[in-house]
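I opened my notebook to look at how side chains pack together in a single structure. I wanted to go through the nonpolar cores and then the aromatic rings.

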Amino acid sequence: MGNEGVMDPVEGGTVDHGRRRFLTATTAVVGAAGVGVAAVPFIKSWFPSQRAQLAGAPVTADISALAEGERLMLEWRGQPIWIVKRSQAILQALPTLDDQLRDPKSENPEQQPEYVREANPELRSLKPEISVLVGLCTHLGCSPEMVAEIRPAPFDANWKGGYFCPCHKSKFDMAGRVYQGVPAPTNLVVPPHHFVDDNTIVIGVDPQGAA
C-alpha cells in the first residue's frame, strides 16, 4: 500500500503541538509551515504495507528534494522517523555543546548502531548533514518539538537548535543528544539505516558489511 512521507520546513518555523498525536495515529502528521511558506510540500517515499511496517519491514525514501533546514517524517515499526538536512551553522555548533550534554560522545550503545557512532559520535550520522532519529523522547515517549534556529529560546537563552519536549522540559541538540539536568535519561535513538545512493535512504537495514 502506498504512502507518503511529510516534509516539514523547520528553519525559522514553528511546530504544531498537535503533532504529538502521531503516537496514536497510523500516518505521519504535518507540523505547521515555516514563515513565508504557503503550503507544506511533500517528498515522495515508498512504504511496505502497514502490517509489514509494524513487523519491522524496511522503509525506503527519496530525499532528493530535502532542502537544508527541512525535515522528512516517516513511519517505521509504528515509530516516527525524522530525517533532517542540517545547515552548516548547526553542524559547526554541535561540537561546542559537549560540556552541556549527558552523553556527548554517544557512548550508550543502545541509542545508535555502532557504525553510526564510528562515523562521528558528535554528529551521530552517516552523512554529516543528514540526521536520522526516532522522534520519541527517551523519558516517557512524547514527541519533542523541533526548534531548529540558533537563537535564544524561552527554555534556553543560549539555544543552538535542537528538540524540546514541552511535556517534561527535556532538551536534545540537533544530533539528538540529551542535555544534562533534564528528565530524559538518554540520547534520542538513531535507527538502523543506510544510503543506497546520495538521494535514497533505507530505514531498518544496516549498511552491507556492518557488524
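These entries follow what I looked up, and I keep in mind that the model is predicted.

**Cores.** I began with a general idea, that in soluble globular proteins nonpolar side chains tend to be buried together. I found that the largest nonpolar core has 29 residues, and that those with the most contacts inside it are Leu94, Met146, Tyr163, Phe172, Met174, Tyr179 and Ala184. I then noted the elements that give two or more residues to this core, which are β6 (79–85), α2 (88–93), α3 (114–119) and β9 (162–165). Apart from this core I found another, of 16 residues, with Leu74, Trp76, Ile83 and Val132 among them.

**Met174.** I looked up the contacts of Met174, leaving aside its neighbours within four places in sequence, and the list includes Val84, Ile90, Leu94, Met146 and Tyr163.

**Aromatic rings.** I searched the whole structure and found four aromatic pairs. In one of them, the rings of Phe155 and Trp159 have centres 4.8 Å apart and planes at 80°, so I recorded the pair as edge-to-face. The rings of Phe155 and Phe164 have centres 3.9 Å apart and planes at 0°, so I recorded that pair as stacked.

**Charges over rings.** I saw that Lys171 lies over the face of Tyr179, at 4.8 Å from the ring centre, and that Lys127 lies over the face of Phe195, at 5.0 Å from the ring centre.

Methods: Residues numbered from 1 in each chain as written. Predicted model: local features only at pLDDT ≥ 70, side-chain atom pairs only at ≥ 80, totals over all residues. Heavy atoms only, no water. Core = buried A, V, L, I, M, F, W, Y, C linked by side-chain atoms within 4.5 Å. Buried < 20%, exposed > 50% of the residue type's maximum accessible area, 1.4 Å probe, protein only. Helix = DSSP H or I, 4+ residues; strand = E, 2+ residues; numbered from the N terminus. Contact = heavy atoms within 4.5 Å. Phe/Tyr/Trp six-rings, centres within 6.5 Å; stacked < 30°, edge-to-face > 60°. Lys NZ or Arg CZ within 6 Å of the ring centre and 35° of its normal.
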